[in-house]
Amino acid sequence: MTTTDRLPLTSHIMKVLERLLLVHLNKQTRTYQDPLQFAYRHGVGVEDAIIQLLQPTHCHLDKAGSTVRVMFFDFSSAFNTIQPDVLCQKLQKTQVGASTIAWIKDYLTNRPQFVRLKNCTSNQAISNIGAPQGTVLSPFLFTLYTSDFQYKSETCHLQKYSDDSAVVGCIRDGQEAEYRELVERFVAWCGNNHLTLNVNKTKEMILDFRRNRVESNTVSIMGEEVEVVEEYKYLGVHLDNRLDWRKNSEAVYKKGHSRLHFLRTLRSFNVCSKMLQIFYKSVVESVISSAIVCWGSSIRSRDLKRLNSLIKKAGSVLGTTVEPLEEIMQRRILQRIKKMMDNPEHSLHKTVRQWKSVFSQRLLQFGCNTDRYWRSFLPTAIVIYNNSLMT
């Protein structure tokens, strides 16, 4: 067996046992988990994390004289720096039993590792820190490790997707004290919990649509200034400080176009139509519509036509009509807002429910000062949801 800290080979029996423990552990720690942690939690995922970042951003920027600052943190080998003793101390404050905690500590410590290349085998090393990557349980253990630092107010919040952490600060009249204090507290917490921040890869994006912009002072972490960028790839989606989705649309088109080549290649080998359709759904459409609920209603008409043209080409390869991007977007937006309404643990549940009419099942539409906000997820989702009640 070849074992490394990046890709350990775990037996199938061990993975089954991990899944059983994961279900048990998830129930016992539910009240302890961070509501703004979107990884490895039932009913939420990547799209919810992006919407959580964008919704307060759009809402705040809809008012004159407002800016938003977003700090995207990058950790150096986050999973490999978990301290088992620290994790166990955190778990002791939850409803997890002593025997389970002892099992987890044994799982994370005294792990023998070696590398085998053909007939050559390295010396064995014993690891007592970190969590083995490539396993079922380790990602969830990391979310528990970071659950004791939570923050959400009307103007600032910290959100996480596994080790992808971001601080969002809604700023008015240049009042940045809460945002900067939250960043400093999170940096200090990381140091106290042995999580190493990579300042060179940590980036900040400033969204400011004011006519008379005032140059903002940079933020320093551990004596180094954080680079301010115009665009950032967050959870696979390209965000920019204009919120116009041009960069993301271009990336989606290029990726979809390259996958379309493979579809054509399969057809040239006379693969049956059923297999071609499965390949299209899983490999081509999945790329084109990735996180579409976050950006589908906001992209330019030019980009929408371009992506639909790509879908039509795929339809000609399949020899059938395929669902256009607008229909995919509307269906998925409707599914997403229904999940938000039905899940009390969702971070945007209260935000959505507050717009529900007390006299009907409809959601009340709220006023938007800018077209940018009107075309974002929540206003669009309300229109789609109300239209679905009429059909």
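Guide: A charge sits over a ring if NZ of Lys or CZ of Arg is within 6 Å of the ring centre and within 35 degrees of the ring normal. The model shown here is predicted.

Visitor: Why is R306 said to sit over the ring of Y253?

Guide: The charged end of R306 is 3.8 Å from the centre of the Y253 ring. The limit on distance is 6 Å, so that value passes. R372 also lies over a ring face, that of F209, at 3.9 Å from the ring centre.

Visitor: What makes F72 and Y234 an aromatic pair, and why is the pair called tilted?

Guide: Their ring centres are 5.4 Å apart, and centres within 6.5 Å count as a pair. F72 lies in strand β1 and Y234 in strand β12, so the pair ties together parts that are 162 residues apart in sequence. The whole structure holds eleven aromatic pairs. There is also an aromatic cluster made of F73, F75, F149, F186 and W189.

Visitor: Are F72 and Y234 buried or exposed, and how do you know?

Guide: Buried means under 20% relative accessible area. F72 has 1% and Y234 has 2%, so both count as buried.

Visitor: Why is the contact between E231 and K247 called a salt bridge?

Guide: The nitrogen and oxygen of these side chains are 3.8 Å apart, and the cut-off is 4 Å, so the pair qualifies. E231 is in strand β12 and K247 in helix α7, so the bridge links parts that are 16 residues apart in sequence. The structure holds 21 salt bridges.

Visitor: What makes K254 exposed while E250 is partly exposed?

Guide: K254 has 55%, so it counts as exposed. E250 has 29%, so it counts as partly exposed. The two form a salt bridge, with the closest N and O atoms 3.9 Å apart. Both lie in helix α7, four residues apart, about one turn of the helix. Elsewhere, salt bridges with shared partners join R69, E176, R180 and E204 into one network.

Visitor: Why do strands β1 and β7 count as paired?

Guide: Pairing takes at least two bridges between strands. Strands β1 and β7 have eight, so they pair, and they run antiparallel. R69 has G169 as its bridge partner in β7. Strand β6 is joined to β7 by six bridges, also antiparallel. K160 stands opposite S165 in β7.

Visitor: What makes β7 mostly covered?

Guide: Seven of the nine residues of β7 are buried.

Methods: Residues numbered from 1 in each chain as written. Predicted model: local features only at pLDDT ≥ 70, side-chain atom pairs only at ≥ 80, totals over all residues. Heavy atoms only, no water. Buried < 20%, exposed > 50% of the residue type's maximum accessible area, 1.4 Å probe, protein only. Helix = DSSP H or I, 4+ residues; strand = E, 2+ residues; numbered from the N terminus. Phe/Tyr/Trp six-rings, centres within 6.5 Å; stacked < 30°, edge-to-face > 60°.
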